[in-house]
Amino acid sequence: MTTLSFSQQLWDSAEDTYRAILDHPFLRGLGDGTLPREAFRHFVVQDSHYLRDYARALAVCAAKAPTEQDVRAFADDAVGALAAEQGMHAEFMADLDGAGAGDAGAGDGADGAGTGEAAVGDGEVLPTTRAYTSYLLATVYGGSFAEGLAAVLPCYWIYARVGAELLRTSSPDPLYARWIASYGDEAFQGVVRRVLELTDRIGAELAPAERARAVRHFALTSRYEWMFWDAAWRGETWPV
């Protein structure tokens with residue numbers, strides 16, 4: 001009997017969730033160019049909030065990592081998450097809110113206010129974002145390295161799989177095509193392969209109980225990934 005690798009066991013726990021993600025109208029709208037601009041704007045703003053705490057979670061993973069090489073890799077990823085928040089997201093917001101955006105729902109920034117980096121910081125952290133990042137931080141601080149790795153892994157792996165899937169046809173909308181390219185390109189795919197190699201390396205040494213806890217974390221944060229896109233699609237706000 002062939003024993004499943006740790007990464008395959010993790011993925012199997014979230015396969016149905018991943019299929020639901022691919023079928024979500026937010027992702028379908030990215031691919032065919034029909035996603036409303038306001039839904040994408042909601043996503044970008046909340047993703048900026050998310051990535052700040054995700055960077056903190058990766059920094060904790062770096063502190064707990066088993067080798068010096070792993071420490072450096074996670075520290076670099078934490079810096080990369082902040083760079084994405086400050087750079088790519090600011091560019092998206094400038095396109096969405098700037099005077100030259102020209103698309104429906106993107107003309108609010110015609111006077112030059114509320115664009116770029118300032119606009120990325122606008123808006124409060126909404127329920128799904130708060131719940132997701134709170135769970136991530138609680139897990140990386142309170143759990144083992146393997147548990148923390150399993151919790152942060154869906155953000156790497158699902159985005160890589162979604163990016164590769166959408167990159168097959170990209171999008172007729174240039175803004176959405178740029179988002180797709182950022183996660184479907186080989187550089188990001190290489191980062192994910194490196195994290196998966198580490199996942200299998202440490203998974204081979206885990207006791208059954210710790211392995212089971214890690215699988216539960218991976219399955220749960222994969223669900224949060226679906227919820228994150230769904231929140232943007234619904235235009236989630238605080239109910240009270």
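Okay, housekeeping. What we have is a predicted model, where local features need pLDDT of at least 70, side-chain atom pairs count only at pLDDT 80 or more, and totals for chains, interfaces and linings use all residues. Residues are numbered from 1 along each chain as its sequence is written, and side-chain values use heavy atoms, with hydrogens and water left out.

So, the fold. The chain has 11 helices and zero strands, and here helices (H or I, at least four residues) and strands (E, at least two) are DSSP runs, numbered from the N terminus. Buried residues make up 52% of the 240 residues. By buried I mean under 20% relative accessible area, with exposed being over 50% and partly exposed in between, using a 1.4 Å probe on protein chains only. Now contacts, meaning heavy atoms within 4.5 Å: among those between residues at least 6 apart in sequence, 80% join residues at least 24 apart.

Let's look at H10, residues 186–203. Does its length agree with what you'd expect, or disagree? The expected span is 1.5 Å times one less than the number of residues, so the 18 residues of H10 should span 26 Å, and the end C-alpha atoms are 25 Å apart, which agrees. The buried residues in H10 are Phe188, Gln189, Val192, Val195, Leu196, Leu198, Thr199, Ile202 and Gly203. Keep in mind that an α-helix has 3.6 residues a turn, so residues three or four places apart point the same way. The cover over the buried part of H10 includes H1 (6–22), H4 (68–86), H8 (145–167), H9 (174–184) and H11.

H2, residues 25–32, has Phe26, Leu27, Gly29, Leu30 and Gly31 buried. Among the elements covering them are H1, H3, H8, H9 and H11. Just after H2, Gly33 takes a positive phi of about 85°. There's also a positive phi in a non-glycine residue, Ser170, near 55°, and Ser170 sits in the loop between H8 and H9.

The definition first: on a 1 Å grid over the protein atoms alone, a cavity is a set of points where a 1.4 Å probe fits but cannot get out, while a pocket is an open set with protein on both sides within 12 Å along at least five of seven lines, and lining residues have an atom within 4 Å of a point. Grid points are joined across faces, edges and corners, and the volume is the space filled by probe spheres set on the points. The largest pocket comes out at about 460 Å³. Of its 19 lining residues, the closest to the centre are Gly80, Ala81, Ala84, Tyr183 and Phe188. Helices H3 (37–64), H4, H8, H9 and H10 each give two or more residues to that lining. Which helix gives the largest share? That's H4, with five residues.

On to the rings. Rings of Phe, Tyr and Trp (its six-membered ring) pair if their centres lie within 6.5 Å; planes under 30 degrees apart count as stacked, over 60 as edge-to-face and the rest as tilted. By this rule we get 21 aromatic pairs. One of them is Tyr135 with Tyr224, a tilted pair at 6.2 Å centre to centre and 45° between the planes. Tyr135 is in H7 (residues 127–142) and Tyr224 in H11 (residues 208–234), so this pair ties together parts 89 residues apart in sequence. Tyr135 is partly exposed at 22%, whereas Tyr224 is buried at 14%.

Then there are charges over rings, where NZ of Lys or CZ of Arg is within 6 Å of the ring centre and within 35 degrees of the ring normal. Arg37 lies over the face of Tyr176 at 5.0 Å from the ring centre, and Arg161 does that over Tyr18 at 5.2 Å.

Glu147, in H8, is buried at 9% relative accessibility. Leaving aside neighbours within four places in sequence, Glu147 is in contact with Thr139, Arg213, Ala214 and His217. Ala214, in H11, is buried too, at 0%. With the neighbours within four places left out, Ala214 contacts Phe6, Leu10, Ala146, Glu147 and Ala150.

That's it from me.
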